[in-house]
Amino acid sequence: MLLLVCLFALLFSSSSHAADFCVAKLKGAGNPAGYACRMPSKVTVDDFVFTGLGVAGNTTNIISAAVTPAFVQQFPGVNGLGLSIARLDLAPAGVIPMHTHPGASEVLFVVQGKITAGFISSLANTVYVKTLKKGDVMVFPRGLLHFQLNDGEINAVAVVSFSDPDPGLQITDFAFFANNLSSELLEKSTFLDDAQVKKLKKVLGGTG
């Protein structure tokens with residue numbers, strides 16, 4: 001009898017809280033657990049489709065590169081599913097500067113061109129770098145500093161996937177030099193001289 005009660009409880013609990021999906025209700029604030037779910041009656045097939053990755057991003061900028069994200073903010077259907085995707089476009093010599101994704105690991109698939117990519121371990125600062133060609137795949141562990149650089153003579157294109165709907169992003173150069181942290185403190189903490197710090201602040205929009 002006890003076994004039957006336990007089986008009934010298990011079946012009931014599994015069916016009562018199971019949900020097929022949780023399309024993001026983007027009008028509310030997100031949090032580490034994700035966005036609130038939209039009512040199923042308000043969900044359409046378009047919430048599960050993203051059409052922006054077929055268009056090249058604009059690479060006429062300081063890094064000669066562009067990222068077209070399909071994260072939860074652009075693609076509400078991935079909310080709660082533990083994944084997202086993006087497109088990278090890099091003009092010749094274009095670079096996605098050293099950065100981290102605090103919330104996700106990343107997989108990069110080269111669609112066109114050559115991309116030199118790498119990451120740095122946190123344990124011993126070991127560098128792992130490889131020049132990738134069309135069809136190659138590389139993985140970047142969660143939270144580690146990494147970069148991508150177009151190492152060829154034609155535009156490079158890659159598709160990247162993440163293990164979280166909202167992987168987060170912190171670009172190291174912008175974190176250091178695109179804020180109002182004083183030049184004096186930056187010089188002491190980075191061992192760069194005053195002229196170099198002020199040059200980088202000017203280029204990247206920082207003050208102080």
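**Group meeting: contacts in a predicted model**

Okay, the structure holds one disulfide. Before I go on, keep in mind that this is a predicted model. The disulfide runs from Cys 22 to Cys 37, with the sulfurs 1.9 Å apart. For those of you who care about handedness, the torsion about that S-S bond is about -105°, so the disulfide is left-handed. Both cysteines sit in the loop between helix 1 and strand 1, so the bond ties together parts that are 15 residues apart in sequence. And which of them is buried? Cys 22 is, with a relative accessible area of 14%, while Cys 37 comes out partly exposed at 45%.

How many salt bridges does the structure hold? Five, and I'll walk you through some of them. Arg 38 and Asp 47 meet through their side chains, N to O at 2.9 Å. Arg 38 is partly exposed, with 24% relative accessible area, whereas Asp 47 counts as buried at 9%. Then there's Arg 87 with Asp 89, where the closest N and O atoms are 2.8 Å apart. Here both partners, Arg 87 and Asp 89, are buried. Another one is Glu 184 with Lys 188, at 3.3 Å between the closest N and O atoms. Those two both lie in helix 3, residues 183-190, and they're four residues apart, about one turn of the helix. Lys 188 counts as exposed, by the way, with 57% relative accessibility.

Now the rings. The count comes to six aromatic pairs. Take Phe 50 and Phe 75: their centres are 5.8 Å apart with 40° between the planes, and that makes a tilted pair. Phe 50 is in the loop between helix 1 (2-17) and strand 1 (65-70), and Phe 75 is in the loop between strand 1 and strand 2 (84-90), so the pair ties together parts 25 residues apart in sequence. Phe 50 is partly exposed at 27% relative accessible area; Phe 75 counts as buried at 13%.

Phe 119 and Phe 140 have their ring centres 6.3 Å apart and their planes at 80°, so we call that one edge-to-face. Phe 119 belongs to strand 5 (115-120) and Phe 140 to strand 7 (137-140), and the pair links distant parts of the chain, 21 residues apart. Both are buried: Phe 119 has 13% relative accessibility, and Phe 140 has 1%. Which residues do the ring pairs link into a cluster here? Phe 119, Tyr 128 and Phe 140.

Let's go out to the surface. There's a nonpolar patch made of Val 107, Phe 109, Val 111, Val 137 and Val 139, with about 380 Å² of accessible area together. The elements giving two or more residues to that patch are strand 4 (106-112) and strand 7. Strand 4 has the largest share, three residues, and Val 137 is found in strand 7.

Last thing, and this comes from a record. An unreviewed UniProt entry carries a "binding site" annotation that covers His 101 and Glu 106. In the model, His 101 is found in the loop between strand 3 (95-100) and strand 4. Is His 101 buried or exposed? Buried, with a relative accessible area of 6%.

That's my tour, thanks.

Conventions. Residues are numbered from 1 along each chain as its sequence is written. This is a predicted model: local features need pLDDT of at least 70, side-chain atom pairs count only at pLDDT 80 or more; totals for chains, interfaces and linings use all residues. Side-chain values use heavy atoms; hydrogens and water are left out. Rings of Phe, Tyr and Trp (its six-membered ring) pair if their centres lie within 6.5 Å; planes under 30 degrees apart count as stacked, over 60 as edge-to-face and the rest as tilted. Buried means under 20% relative accessible area, exposed over 50%, partly exposed in between (1.4 Å probe, protein chains only). A disulfide is a pair of cysteine sulfur atoms within 2.5 Å. Patches are made of residues with over 30% relative accessible area and no salt bridge: like charges are joined within 9 Å, nonpolar side chains (Val, Leu, Ile, Met, Phe, Trp, Tyr) within 5 Å. Accessible areas come from the Shrake-Rupley method with a 1.4 Å probe; for residues, only the protein chains shown count as cover. A salt bridge is a side-chain nitrogen of Lys or Arg within 4 Å of a carboxyl oxygen of Asp or Glu. UniProt positions are given in the numbering used here, feature names are shortened, and annotations may be inferred rather than shown by experiment.
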